[in-house]
Structures are given as C-alpha cells and as structure tokens.
Amino acid sequence: MTGFKPPAPRQVEEALRRIPTRPLRRAFFEGLKNPLWVEPLARAGMFDNPPEPEVTDDGLIQDFYWPEIDYLIRVAPASPQAVVDVLLKLADSNNAWVRRAVFTIGASIPADNAAALKPLLKKWETGGFGWRSDPRDMVSMVVNLLQGGQDKTGKWLANLLFRPSASENKHKAALALDEYWYDDGLPRVAKALGDDGLKTVLPWLEAYERHSGHLTDTFDMTEMSRESIRHRSDNYPSVEHSLIETVRDLATGSMASKPQTTKTILTKSPMTLARKILLYAVAETLLNSDEQTSTHVGDDLHTIAEELLSDNRLRDDSYRIELGELARAVGKRRPSALDPLIEFISAGPQKKLSELQERLRRDDEDTPEVLQARVQLVFDSWKHRWLSAIGGEVLPPTLQPVLAELDSRLGVIDAPLSPVPRLTTWSGPNGPISRDDMSVMSPAELTAHLASWHDTADGWGPGPSHEGQGRELSALVATNPRVLAGAPDLVDRLRPTYLRAILQGWEAALKAALQLEWLEVADLISGVLAHADASSFPIEGGEWDDDVDFRWAKNAAVSLLEELAKKRDNPLIPPQAASIFAGLLINKADDEVAWKEYDANQNESGMDPLNLSINRQWPIRLHGLINLMSHGQDAPWYEEARASFERELEKTDRHGASRAIVGENLGRLLTVDPDWLNARAVDLFGSTDGVSPNQQIALTTTLAVHYYHPALYDLLAPSLETAIRSAEPLASGWRGESTPQQRIGEWVVTAIIQGHKPMDDPLAEAFFTVTEPKVRGKAIGHIAWSFMHAESVDSEIRDRFADLWDARVKHVRSQPEDKNELNEFYWFVRSGKFDPAWWLPRLKEAVQLDPDLAGGRFMMGKQIASAADADPRQAFDATKILLSNRQEAGMPTWDLTQNAVPMVIARAIVSGDKQLKEEVILFMNELGEKGDQGLQKAVNDVLNGKITQDNVGE
C-alpha cells in the first residue's frame, strides 16, 4: 500500500456529503484507488445496503449495478481482510453483482483470507450463487484455496461445484456448473488437488453414475458409458467423459509413484468403470516407465499387473479392451505373467452351458448337434475377440496358433482394441430378435427366420417390425458381411426391406475395408436391379414399417455399386469381380424410373445440388460412373462408362445434381481424360459468351471442393470471368462457408502469390474491379488465414502476397469508397508469417483508411504486445489508433487493454525515446480516467518482469 494514506474522518464525511446520488457514487468509487478507505467507509455504512433485485412489470428480474463492489474487487489484493469483513456482512444480499464479486475476490486474495468467506458461501449454497457469477472465477477460487494450503475449504468448495447431486429426474444428475466448465475447469482443480486428487474426484464420478441411474446397490451399468477408457465416443462437452478422463489421468499419475495406494483407492469403488480405469492406469504406466522408475515402484507395478491378469472378476467382455492393453504392456517384459490367460481362454465365456444352450435354442426339435454348432460359434467369436485384443505378439505360444486359425476362418479383426464398430441409428422400430441372436444362426437359419417372420401388430406402439429387424440385420452385416454366405435365392425369399438392409450393411462393411463374398454380392445386386418395382410381399405393420416396393432396395443397390466402383490405393476387389460390378453399374443400373423420380422431385428439403446428388438414385449412379472412369482409360470398362455418363449429361437436369457431380470430380476428369474434358469445357462450364445456371453450378461446385490448381484455373478462367461479371447471384452447387465470388477471389490471389499469374491477369483485373470491396477483402483475408495454419510459407510466396496487399492499399488510397477491401488485415497480423516491421505500419494505415477494421471481432493484442519489443513507436501508434476507433466495449477492446496496452506502454517507457515516453504516460492517464484502474499496476508488473511475452494476458 505504498503511497496511500488513510483518510481523515473529515475527508470521509466530506466525500459522503458529495455523493448522495447513484451516478455520483459511481463516479467516486470508479475513481477511488486507495485501499485504506475500505474500513472508514464500512464504518460509515457505505457497504451495508447493496440494491436488491426487483420484479419488472413483465415479470422479469432486474439486477441493479452496485459501483461499490467494483472498488472492493479492485482493492481486495491490497486490503484483503478489510474487504472480507465487508463481504461477510452481506450474507443476506441477493444482489447478483455481490455474489459474483465474492468469487472474483476469493480468487485474487491470499488463501487464508479467501477461506474466511466460507460462511458467506454456505449461506448462499441452497439458493444459488447468482446467475452473474463467472464459473472461471469459481474455479480460480478453488484453485487459490488449494494451492494456498486451505485444503479443507478448497475441497469443500470443489465438492460443491463439481460433485453431481440428485435431481427430480432420476436419470439425470444435477450439476452446479454447465458441462463446458467441467471440460475447462476440472483439470485445473484436479492439478491443484495434488496427491489428494484421485481420492477426491473418484467419488464425483461415482455420484454422477448413481444419479444418472447407471449404478445402484443391485446393478452396475457404468461400463456402457465408456467402452474404451482411452477414447471417448465423441468430442462434445460431457460431464461424464470429463470426470472419467480426469479420474483416468489422476490414476495414471498416481500409479507412477504410489501404485499400491492407487490400486486400493480404485478397487474400493463399486464401479466397473473404476476397475477399467485401474487396468488402463497400470498398462499406461508400464508402457511409459523407464530406467528412472524406482525398483520398488517397478516391482509393485508388475505385481499389480499379474494380480489383475489372474483376477477372474475381470474376465467379463466389458474389460476386454483394457485387459488387452495391459496384457500387451506386460507381455513384452514378463511373458510368463500371461500364463493365467491360457486357462481363461480355454474355458470360454463365463456363462453356464445350460443357460447358453437355452438362449440359443430356436426350436424344441433342435438336434444336439445343431445346438452345439451354435454354442461353438459363440465360443469361437468370444475367443477371437479376446485373443485379438491380447495380440499375437505377446500371446503365449500355445494360443498363437489358435488366433491364427480363427483369423483364417472368421477374418482378421483390424482394430481389436478399438470400440466395436456400430452402425449409427436412432431410436425407432424394434426387431423381433437382436443382432446378437442373429449372429449365432447359420446362413440358412437366418434366411429362414427373415423369410418366415410376420408383423402381426397394427402398426401402433413400439412393437417389433420389419424395419426394426432390418436395422438389426444391417448392423450385423456391417461387422460380419459373410453372415448370409451361401444362402440361395435371397431376392425371391426376402422382403425388399431386408434386401435393402443387407445391401446397406455390405456398403458399411466395404467402407471398413472388410472382405465380402464378391460373387454373391454381385448376384444379389443383379437380382434386385432386375426385379420389377412391385413387391409380391403384402405390406405388414404401420407406415414406414415395411418397404412398399423395391425402389428403396434398388437405391441401396446402386449406392453399393457406387462404393464398389471407387478406385482404392490398396485394391480390395479382385479384377474379375470389379468388371462384373462395372457391368452392373453401366447396364443394369440404368433405371429410367430413377430419372423420372429425380426429375419430378420438388426438392422441398432445399438441398443444394451436390447434397441432392448423394440422396437420389439417378445422380448416385452418375457418381459411380465417374468412379469407374477414374480407374483410367486402360480400364476395360472405361469407354462404356464414359459413353453412359455422356448420355446422362444430355438430359435436361433442372435440379443441377449432374453438373455438381462434374464440378466435384473435375480434377479427376482432367487427370484421366484431358482431351475429352477440354472438348466439352464450354458445354459444361460456359465461356465468355455466357454461363447458364447449370454451368454456374458446375463452376461453383468446382470452386467449393477443389483447392487452386493452375490447370483448373486456365481451363475455367473465361467462364469465371463471365461469372464474376454476372449481374445476378451465381447458382451455388454447394453452399459452403465462402460465396462463389469469394472463392474465385481466393483462386485469383493464390495464382498471383504462387507466381503463376501477374496482377494484371484478366481474371484478376475482373475480380478486383467488379466484385464488392468486402468480397475482395474476404478473399484476401482467407488466404492470410490459411498462412496462419501453415507450418511454413515460402519467402517468395509471402513477399508476393505482401506486394499484392500494398497494391490493394494503393487502390484504396485513390478510391476510399473501397475501404472494406482492407477489412481483414488482422489475419496478416495473426498469421505469424510476416515480420512486425512490415505489418505494424500497414496495420496503422489500414485502420486509418478503414476504421471498421478496428471494430472487427478478432483480436491482435498479443501480436502487438510482442511487436513492441522491436518497434515500440509503431506498436504504440497502432494500439492508440485501434482503441480510438473502437466505439464500444467488447472482446477486441478487452484484448487490447489486457494484452497489448501494458506491454506497449512499458516498452515505450524504457525505449529511451523521451517524446514517446511522454505520449504513453499521457495515454495511460487518459485510460485511467476512463476507468482502467488496474493499468498502472499492470505496467509496473511488466517493468518488474512479473508479466512477460510468455504470460501476457494470464
């Protein structure tokens, strides 16, 4: 508190006399910096009555700002005890600004003072901490308490914020913080908890599982949330996944130093999840241990690992991935530790044989031999999964040939430690039997079941249906494409619903690079395409429960052919089968009804042409024909495929899907058959004489899906110039983030900076003359943005880009009305590829020419702060003009004041430039008068080395 003096009583009295109104109090407290006024003002009652919220006429709650609280926040670090004493008297206040301030202050004062606020928080616990309270401050207060030695209070508050509790919904836990803040704040709290982290956070996870209905005293379903501890199923914020990952990381860190203690903590938990995390932590620690690991810890790790590998309770399928990871980690060091697995694998699934036989029984007349075959298939599948998870490299010698035989018979499991592939579906119709039940049937039995089952319901309610059975079948075929191998006459015996499901399952399997029975696939596709549209099967169930005809099955057949026609780096399909599929796509998939359906479609969904092309049978076939052509002119089917594609292009396509397909595949067509493409370029893309809507679709799709390429640029330049000059908006083939005009500009800019085209290239001149200035700016800005994401940029390309910028600035100087062309210069600054000596003066001029640049939503504070080292004068000038052009507060203004201003002022003060020093001090005083009360301290922190380039803004 150097430099501050306590006020005399008469000073306090005079001050209070002069601030009888709220505006006067606000002006007083916003300018007050002296922390020694807290106690005298408190004795005078100035902090006793924060305004209470009021209910407005429309029923809303209105909070009133209390200027006194900002003063308390500002001086709390300098006078923590006095501020805490004031706050403790405000327990009955409902003012949201007060409740917010308690956390802000609690995060900034010494931990022992912050701990004294606990009674206040306990008083507010049941009613809530106020909607204005910032979760970041809440978390920071917890971290402050824990790091400051106030463990008891810190853990109490951490539990209050992060431990889930019961809610009215028995399947959903109540949370004090939103899901995002778990992802953001939980790791910070876990780190601050130190050695107590695992013991503290594990109960939070258990509480979540209980209050979500996954864990009770009688059952445990926690493993369903996380099939693999290593990988979460998606990247969306999730309280459950955040808790799992935090416990996982805490357990792994603890296992490296205290393995036995960590094991004890995790094994005491009733959750399957906790035991999965234990397996993961041991395996991960073993994999990362080295010579520096103490002998004692290393021995403990191996002892725990061997105990886990021998534990019969961990032989359930829910532990397969983690136990497999552990076996791989141990087997490389102590192969003998895997010996207990020999008996485990040989014994098979932990299910009573009689129960398994009963579950697999289909008919009371099943012979023992048939039933035993089903049981054996279940055993073999189970054994295959487990042996693959453990891995052939570490399997005991007696088990290695077993895995080899199962791989040969059932197919290699490509990713045995990944979650089991699932076909994405939604809650909907149910099947009469599950995919697991179907998986143990022979092909003949499965076909018989599908052919004989009938939907006798009335179509109402959640009963089983053909659609539901089809979804289960499709999911099964996706992971086991040979499940119907050898079953004859499927097209005659099965409903089109099931044929569609099989074809869709095969397509999913093909995308996963699984081997199919190619000739049987060809037979089924051929049979479906040759079948009349009408179905001989009577429709059963309600609407959408059964396909009314073969149209959807034919769509699925063509979609599968489109996938089969793709050229792959590692050929999957034998040449003979590939030729058969090509013939089917060229000849049998030529479906006039599909064209009429597409043509008659009103496109009520509003799909753009490219999206429409992947959702209708006729254009899907065109995708397939292009796939066939991409194999090259030497492919035996090339001429036929190209001729068929040409015939389809001759049709009057009023929706434009065929032209979107041409645009999407232009690069491939140019590579495979440039002569054919060049001869048709005008018909497909237009010319200087004009560009029709369909030609615009081909053009704009090309721009949307292709990166710039000189050959494409030269091919399309005349059409692109005509498109630019169009008075009407261009027809868009695919609605991406950039408009077609902007994408043309991005190609133009790239051609210039790559050195392929000069600045006076006709297309470039047209773009920079005809398009709106804002579009030009966005095109230039996007290329600068791409520089930011590039690991490196060639100096010649960078310099040509700099020259282009200077040329555009020169243009704006002469035509100020085009100022918006400069609106995205911040990407040059943020890219990190241009020297500050280049961009600082240009930033200053850009803001002078285009004040809107200062109002942009993107931030440059840290870049300007860094540049102040090399050129404090230019950095100061740029900062000053940016702030002077901002009309209102917002994140960019906050960014400049927090990240740039203190560093820029400090660097100017020590620069040796007397004039500059006087200017920045005057500027600092101006900012202080406007309310930036913490600026002086921030500048001093920079001068004293407390704030550096590495931690600026923290």
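These questions and answers cover confidence, one histidine, salt bridges and aromatic rings in a predicted model.

Residues are numbered from 1 along each chain as its sequence is written, and side-chain values use heavy atoms, with hydrogens and water left out. As the model is predicted, local features need pLDDT of at least 70 and side-chain atom pairs count only at pLDDT 80 or more, while totals for chains, interfaces and linings use all residues.

Me: What is the mean pLDDT of the protein?
Reply: pLDDT is the predictor's confidence in each residue, from 0 to 100. In this protein 90% of the residues reach 70 or more. The mean is 85.

Me: Where does His 454 lie?
Reply: Helices (H or I, at least four residues) and strands (E, at least two) are DSSP runs, numbered from the N terminus. α23 covers 443-452 and α24 covers 466-479. His 454 lies in the loop between α23 and α24.

Me: Is His 454 buried or partly exposed?
Reply: Buried means under 20% relative accessible area, exposed over 50%, and partly exposed in between (1.4 Å probe, protein chains only). The relative accessible area of His 454 is 44%. His 454 is therefore partly exposed.

Me: With which side chain does the side chain of His 454 make a polar contact?
Reply: A polar contact is a pair of N or O atoms within 3.5 Å; within protein, one must be able to donate a hydrogen and the other to accept it, and residues adjacent in sequence count only if both atoms are side-chain atoms. Leaving aside neighbours within four places in sequence, His 454 is in contact with His 466, Arg 495 and Glu 540. The side chain of His 454 also reaches the backbone oxygen of Ser 452 at 3.5 Å. The side-chain partner, at 2.8 Å, is Glu 540.

Me: How many salt bridges does the structure hold?
Reply: A salt bridge is a side-chain nitrogen of Lys or Arg within 4 Å of a carboxyl oxygen of Asp or Glu. One of them joins Lys 199 and Asp 196, with the closest N and O atoms 3.9 Å apart. The structure holds 58.

Me: Which residue meets Lys 554 in a salt bridge?
Reply: The N to O distance is 2.8 Å for Lys 554 and Asp 533. Lys 554 sits in helix α28 (residues 551-564), and Asp 533 sits in the loop between α27 (518-530) and α28, 21 residues apart. At 5% relative accessibility Lys 554 counts as buried. The partner is Asp 533.

Me: How many residues apart in sequence are the parts tied together by Arg 842 and Asp 806?
Reply: Arg 842 forms a salt bridge with Asp 806, with the closest N and O atoms 2.8 Å apart. Arg 842 lies in helix α44 (residues 836-849) and Asp 806 in helix α42 (residues 795-814), so the pair ties together parts separated in sequence. The separation is 36 residues.

Me: How many aromatic pairs does the structure hold?
Reply: Rings of Phe, Tyr and Trp (its six-membered ring) pair if their centres lie within 6.5 Å; planes under 30 degrees apart count as stacked, over 60 as edge-to-face and the rest as tilted. The structure holds 30.

Me: Is Trp 827 buried or exposed?
Reply: Tyr 826 and Trp 827 form an edge-to-face aromatic pair, 5.4 Å centre to centre with 65° between the planes. The relative accessible area of Trp 827 is 8%. Trp 827 is therefore buried.

Definitions and conventions: Contact means heavy atoms within 4.5 Å.
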